[in-house]
Amino acid sequence: MSDWNRFLECVPWFVKPGQNVDVGSPGSWARGSLPGLPRLSALLASARVTPVSVAGRSYELLSWGSSGWLCEPPRDAGPEFPATLRRFWSVCGGTVEQFFGPSTLWLNQDEVLTASATETSLSDVIGHYEWLWKGEGLTVPAEEMRSYVTVAIEANGNLTAAHRETGRLVLFAPDHSFSDVTPLPGCPEYSLYTFDELPDLASWIEVCAAAWQAESP
């Protein structure tokens with residue numbers, strides 16, 4: 001079975017009826033490694049890459065055995081984005097679907113490290129939840145969160161975001177089912193958190209890549 005057919009077997013809803021699909025020939029990863037992201041670099045180096053077009057939109061299917069990611073193509077990015085995200089985008093545009101992979105912090109995410117994820121403003125979203133802070137006599141940190149860019153959107157609406165300059169990672173989880181997280185100072189439960197062992201975007205990417213690498217043949 002081809003990688004694309006295996007993907008469709010797991011994610012049959014991705015291609016809508018009547019949409020035109022063009023599937024290219026699979027090949028090896030040829031974009032080299034990423035400084036500061038050794039586990040991700042090793043994972044990508046072992047991937048099979050299949051170019052795909054669905055309804056005129058380009059994707060790349062990255063596969064390891066029977067598992068993989070459907071990704072946006074690489075893209076350019078300006079200095080308003082975290083340096084780690086800019087490096088990532090130079091070789092991969094982020095994932096819109098994953099299949100048959102390990103359980104990681106990327107599980108159940110609609111988008112991970114995509115350009116469209118960054119269009120969701122963390123500041124605006126938490127503004128709709130200001131009652132969480134006001135109920136505790138606290139001030140919602142909407143202005144502070146303008147310095148963060150969303151890097152992942154979970155299906156239930158939870159957001160992961162990274163600071164534009166430092167890469168510091170925060171999690172907005174009003175639908176909270178996470179362990180190993182701590183409320184951000186000045187924030188109530190079920191609002192903004194930090195990851196106890198993952199201080200920044202690079203460490204978050206690396207721990208998830210390591211899990212995928214361990215699962216790959």
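Start with strand S6, residues 95-99, which gives the most to the lining of the largest pocket, with 4 residues. (Strands are DSSP runs of E, at least two residues, and helices of H or I, at least four, numbered from the N terminus.) This is a predicted model, where local features need pLDDT of at least 70, side-chain atom pairs need 80 or more, and totals for chains, interfaces and linings use all residues. Residues count from 1 along each chain as its sequence is written, and side-chain values use heavy atoms, without hydrogens or water.

Now show the pocket. Its volume is about 210 Å³. (A pocket is an open set of points on a 1 Å grid over the protein atoms alone, where a 1.4 Å probe fits, with protein on both sides within 12 Å along at least five of seven lines; lining residues have an atom within 4 Å of a point. The volume is the space filled by probe spheres on the points.) Select Glu97, Gln98, Phe99, Leu107 and Asn108, the closest to the centre among 15 lining residues.

Next, select helix H2 (38-45) and helix H7 (201-215). Their axes, lines fitted to C-alpha atoms over the stretch in contact, come within 8 Å and cross at roughly 35 degrees. Contact (heavy atoms within 4.5 Å) involves residues including Leu40 of H2 and Trp212 of H7.

Last, go to helix H1, residues 3-10, and pick Arg6 and Asp3, 3 residues apart. Their side chains meet in a salt bridge, 3.3 Å from N to O. (That is a side-chain nitrogen of Lys or Arg within 4 Å of a carboxyl oxygen of Asp or Glu.) The whole structure has 7 salt bridges.

Notes
Axes are lines fitted to C-alpha atoms, for helices over the stretch in contact, and angles run from 0 to 180 degrees between N-to-C directions.
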